[in-house]
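Biologist: I'd like to learn how to read a structure like this one. Could you walk me through it, feature by feature?

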Amino acid sequence: MSSRKNKTMTIEKGNHYVDLSDRQIAIWHKLKSVKWQYEFEENCRYVLANKNHQLNWNKVGGVSFGSALKNPDQDSAMVGWRYDTEKKEINICPYFNVNGAYVYAKEPSQWLNIQPGTKFTALTEYHDKKCTMTIEVGGQQVTRSVEFSGDFKYSKQIDFYFGGTDPAPQTVTIQVQLLDIDKGHLI
């Protein structure tokens, strides 16, 4: 198991993406699994002006595969997140793009609820077109699998993203730590 130090990822108010200087570019060959640890900071409690968009899923980060190296909307696995203003908690779930279609949690049994400052892990495993993500926090976990149309040799890390539809209404920050990577190697 290889451990790396925490990286702070910040999206400034009015943006969807982290600043280019904060981005982590990692491309792997024949990735089998990767595990990250994440932690939301207090500023991840947000309220959107359009209440209908409040429960859209943002993305903490993840992995894009094959043609998704250029377009992560094709084949990718990410951690979805959103702030529930009524329950005052952050929902997290496996979130996939499969051939351009979004596959994400639609009911509470498919996500976990956490508070800012709570560390959680996300393990993404890939083998023979099947991609599985397991998110775990405090002994609870949620797992989801999808099948991609291709068998991909290359994959790339996806960074922190705010959206849904709206950009970040305020600055939001997470801590990210790569915990383990199996069989894939950096190019």
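Modeller: Gladly! Let's begin with pairing: two strands count as a pair if DSSP finds at least two bridges between them. Keep in mind throughout that this is a predicted model.

Biologist: Then how many bridges link β3 and β13, and in which sense do they pair?

Modeller: The general idea is that strands of a sheet pair through backbone hydrogen bonds, either parallel or antiparallel. Here β3 and β13 are antiparallel, with eight bridges between them. To find your place on screen, look for Ser33, which sits opposite Asp182 of β13.

Biologist: Which sheet has β3 and β13 in its strand order?

Modeller: An open sheet of six strands, ordered β1-β13-β3-β9-β10-β11 and paired antiparallel. From one strand to the next, the twist averages 25 degrees.

Biologist: What joins β10 to β11?

Modeller: Strand β10 (residues 130–137) runs antiparallel to β11, and eight bridges join the two. One place to look is Thr134, whose bridge partner in β11 is Thr143. The two strands form a hairpin with two residues between them, and there Gly138 adopts a positive phi near 50 degrees.

Biologist: Which residue has a positive phi although it is not a glycine?

Modeller: That is Asp128, with a phi of about 50 degrees. You'll find Asp128 in the loop between β9 (119–127) and β10.

Biologist: And where is there a cis peptide bond?

Modeller: Between Gly163 and Gly164, where omega is about 15 degrees. Gly164 belongs to the loop between β12 and β13.

Biologist: Which strands supply the lining of the largest cavity, and what classes of residue are in it?

Modeller: At least two lining residues come from each of β3 (33–40), β4 (58–65), β12 (154–158) and β13 (172–182). The most come from β4, which gives three. By class, the lining has eight nonpolar, four polar and one charged residues.

Biologist: Now the aromatic rings. How many pairs are there, and why is the pair of Phe65 and Phe148 called tilted?

Modeller: There are 20 aromatic pairs in the structure. Phe65 and Phe148 have ring centres 5.4 Å apart and planes at 45 degrees, so the pair is tilted. Because Phe65 is in strand β4 and Phe148 in the loop between β11 and β12, the pair ties together parts that are 83 residues apart in sequence.

Biologist: Last one: which elements have the lowest and the highest mean pLDDT?

Modeller: As a rule, where pLDDT is low, the predicted coordinates should not be read in detail. In this protein the average is 89, and 90% of the residues score at least 70. Among the elements, strand β14 (residues 185–186) has the lowest mean, 52, while strand β8 (residues 112–114) has the highest, 98.

How values were computed
Residues numbered from 1 in each chain as written. Predicted model: local features only at pLDDT ≥ 70, side-chain atom pairs only at ≥ 80, totals over all residues. Heavy atoms only, no water. Helix = DSSP H or I, 4+ residues; strand = E, 2+ residues; numbered from the N terminus. Nonpolar A, V, L, I, M, F, W, Y, C, P; charged D, E, K, R; others polar. Axes fitted to C-alpha atoms, helices over the stretch in contact; angles between N-to-C directions. pLDDT = per-residue confidence, 0-100. Phe/Tyr/Trp six-rings, centres within 6.5 Å; stacked < 30°, edge-to-face > 60°.
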